[in-house]
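Subject: Structure handover

Hello,

Here is the structure I said I would pass on. My notes on what turned up in it follow below.

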Amino acid sequence: MVCLSQGPSTAYSRTLSTISLSPSLVTAIQAPATSDSNSEFSVYFVGQNLAMSGAGAVMAWINRNCTTSDSTNVFGGEARYPVMIGNDQMLAQMKFTITTPTASSLMICWNFSAGSSSSTSVKSSPILLSPPLLTGISMTNFSSLNHSQVTVFGSNFVDTGPAAPTFIIRGNCSDSSSFVPVQKDVLLSGSQLSFIVVSSVALTQLEMCWRIGTSSYQTLMSNISIEPTSVTSFQPQSGTVYSSISLTVIGQNLGQMMKVKLSTDCTLGASSDSVGTLTGSEGVLPTTFSSKASVFSFSIASIVPVKLQVCWQMGDGLYQRLGSDLFSLVTGSVSASFPAQLVSNVPFSITLSGYSFKAAPSSALVKLKLSQDCGLQANLDNNTCETGGDCVAGGFGVLGTLVNSIDIRFDYVLAVKNQVTMKLCWTLNSAPPAYIDLDTRISLLVNPVLLSSAVLPANIFVNEPFLVQLLGTGLSVSSAVPMKVKLSTACVGSDEVDPQLDIAGGGARYLACTDPTTGSAYVSFTLQDSSSPFVVCAAQGALGLPSSPWQEVTSASTPYRLRSATVSSASLSPKYSTMANNELVLLFTGRGLGSSYEDVKVKLVNGTQGCSSSAYSNEGQFPCSCSSSLASQLVCQCTSLSSDSGALPGGAASLILPDSSSTGHSSFIPMFVGAAAACWSHGGIGMVGSSYLELLRFSVFLPYVSCFFPLFVAPGTATSFFLAGEGMRAADSIKVVRESDGCTSPALLSSSLGSGVSMTGMQAVVPLQVSMQIGLDNRYIFCYSSSGFNFTRVGFSVLQVSAPVIDSFSPSTLVKGDNVVSVFGRALHDGMTFILTLLNKACDQITAASSMVTMTSITCDDRRVSCTLSFLVPDTASTVLYLCQSPSINQFLSVGALPLQLPAARSISPM
């Protein structure tokens, strides 16, 4: 039915025209009577207004029957939409590829995607589906531990996916409890089936079985036999440590899944590849193999000769001893080389040669330690002292470094007080170690530590790390009597800490590293106070314990002066806003930032005046005089005038917070608009410092709201208004005034933005109760004020108060049961009421109580231009219904006619 209206304030009138819509129908289904598994076939649907997808589209699936969802062992029949729709929407094509393990009679099931049940008026004949046909394999005799591959004969089967057949060898395919030999890596690729079987005894009269999905196994081939694996001997029967050993095992039906290890006892950890072995003799697979001989490669680490058992394993079974012979592991001669003269605290190296160390695993490299007796504490890496002798620092057991295939190097730095002779003790890298005497002796001489001078960088900034270079002889970070260094105003006494003289950050510490090529040592400091000059002091002794007196390490430029923190540049953080009343973050770069003894501050001033507008007592000079050079005794006289004045609102002086010694940041909430300049200075907040210097000029902008919606609202409704702009905050305000009055007039509606503002400040939602009524002056505007600033108009849009107006609705028909109707217009809201009634009753003649169908729910969009209505049409309805809307209680206006769509189908004969 078509209805017309002459304006938003007049009712709709019925015309003589009606709109009739044809529903989607299926009148016939065409499908093959038979099909083979894994063969694609098409099903065609014949009807009217057929759709390919979406609500009302036809869907189909294939199963044993249409009343159950159980699709066990039916593969490929899942529900789907058509792959093709004819141009006249009278023909739909769907494609299927189905697999079942046995011959099956299957049904085509279908419905419309938006329907609540399957259509039962149109049916197709069952499809008789033939299962995959597997007839046999190309061989029946297999060898244990070998990769076997056979050809599977048959048709209509696939090698991947849930429809692919699975295979197993067992005594009887129809008996799930029959014997099953160990099988691994079963894989079907095309028609090629590969697998590995494991057996130590001969097996016959087995069957190759197959099935699809969870169906019962079927016999593919009978009389399957498996030849077992057996071993008889090995060769050679000896090998050298740290060399490549190729062990050949001889037997019958040897395969690539066989493992061999050399162990002190094959019964230890019978299924483990490593229990009972030496490093390098663990269980391995063959490097080359045949049915009668396989080669296994080893490189075994040991410093003593040993006899080992040869153990072999089938698959994941237990290791067994191969015969009664033992494999003999023999050692060779090893020599040690080192400098002719070894000096205390001077690094040196010892190199062992003789074995092919590179052939051994890296974890099997040997350890070497220097001790006065290898027999004492032989299972520890510590070195020992003979009774009454001098202990040696630095001779602990260490791992070597490969130099080439036959040399391994050990690095040491030893510290002694007197000349001493040491033994070389070596062992494998094992836990615990077992050191033995290498029968080699070395002697160490004493070399005293002598410091000659110190070198520092030319420019040292507060809070920046720097290195002090010490020049001398015998310098070491691991000396028996360690050296420590500190920075102080003077080197006095032997106390480790002197609060009157020590520089903040320059406390005593050990040498950090040494450079053997130059004889230099280095130590790092980060100082925090630039008020006093300092010198480098050194002493011998452990930290926290009494030491030798502190001595000044001289250089050409002592005493040294530390430079104060400085700021070189600033920028605006891109992560924050430049809007008034919003957080603004400045980023700084410089040197020496972050000292706890020296503050650096920044303020924001008027950009047209610059940083020089503030008054200073002594322009360009630090306005203080101090009477002492000692940090703890400074007595300073400063002027009382603060240089922090002259800042813009919200731009008062703030300390620069360090992120590192070279970067920092400060944050402000500017309460001004216009040009600004960022200026920095030394000193705490409110204290006189150096003159402020300009870093950056920038502008601060006024936050704004550019638009709002909805634009049409009904009087007396609670409405959420959506605002879009930039820089909005919770304390900001909006108000609604008449367009003719402007933003300076009193508010008709008003509110703060509050919690409705988004985190970005670019969106806000404000709930208002519309109190204005429909009248002649019906144009209103929104005005926005950022906290502390005047109200300004929001964009160019106008708000109008109007009765709800409905321009159109959809769909144009109804069905029995649940229905959703969308109406479109303006000033719509959730408080509206809609009903459905019979065509022969005008909307203004009925009440809500006498309506045939009442609305179950209504939901309107944020812009108030569309609403979604829900109705439940009873099965008793059988004609055209009329949609009515109520602007007030028991008064209804017509919206339009909605014919009731009835199901239609007719019988067909199979084609």
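S810 has S822 as its bridge partner in β64. This is a predicted model, and in it strand β63 (residues 805-810) pairs with strand β64 (residues 817-826) in the antiparallel sense over 5 bridges. The two strands are joined by a hairpin of 6 residues.

C66 and C109 are linked with their sulfur atoms 1.9 Å apart. The torsion about this S-S bond is about -95°, so the disulfide is left-handed. C66 sits in the loop between β6 (58-63) and β7 (84-85), while C109 is in strand β9 (residues 104-112), so the pair ties together parts that are 43 residues apart in sequence. C66 is partly exposed at 34% relative accessible area, whereas C109 is buried at 1%.

C266 is joined to C311, S to S 1.9 Å. With a torsion of about -90°, this disulfide is left-handed. C266 lies in the loop between β22 (258-263) and β23 (288-289) and C311 in strand β25 (residues 306-314), so parts 45 residues apart in sequence are tied together. C266 is buried at 2% relative accessible area, and C311 is buried at 0%.

C860 and C867 form a disulfide with an S to S distance of 2.0 Å. The link is right-handed, with 100° about the S-S bond, and both C860 and C867 are buried.

One lysine to look at: K369 is in strand β30 (residues 366-371). K369 counts as buried because its relative accessibility is 0%. Its side chain reaches the backbone oxygen of L380 at 2.8 Å.

Regards

Definitions and conventions:
Residues are numbered from 1 along each chain as its sequence is written. This is a predicted model: local features need pLDDT of at least 70, side-chain atom pairs count only at pLDDT 80 or more; totals for chains, interfaces and linings use all residues. Side-chain values use heavy atoms; hydrogens and water are left out. Helices (H or I, at least four residues) and strands (E, at least two) are DSSP runs, numbered from the N terminus. Buried means under 20% relative accessible area, exposed over 50%, partly exposed in between (1.4 Å probe, protein chains only). A polar contact is a pair of N or O atoms within 3.5 Å; within protein, one must be able to donate a hydrogen and the other to accept it, and residues adjacent in sequence count only if both atoms are side-chain atoms. Two strands pair if DSSP finds at least two bridges between them. A disulfide is a pair of cysteine sulfur atoms within 2.5 Å.
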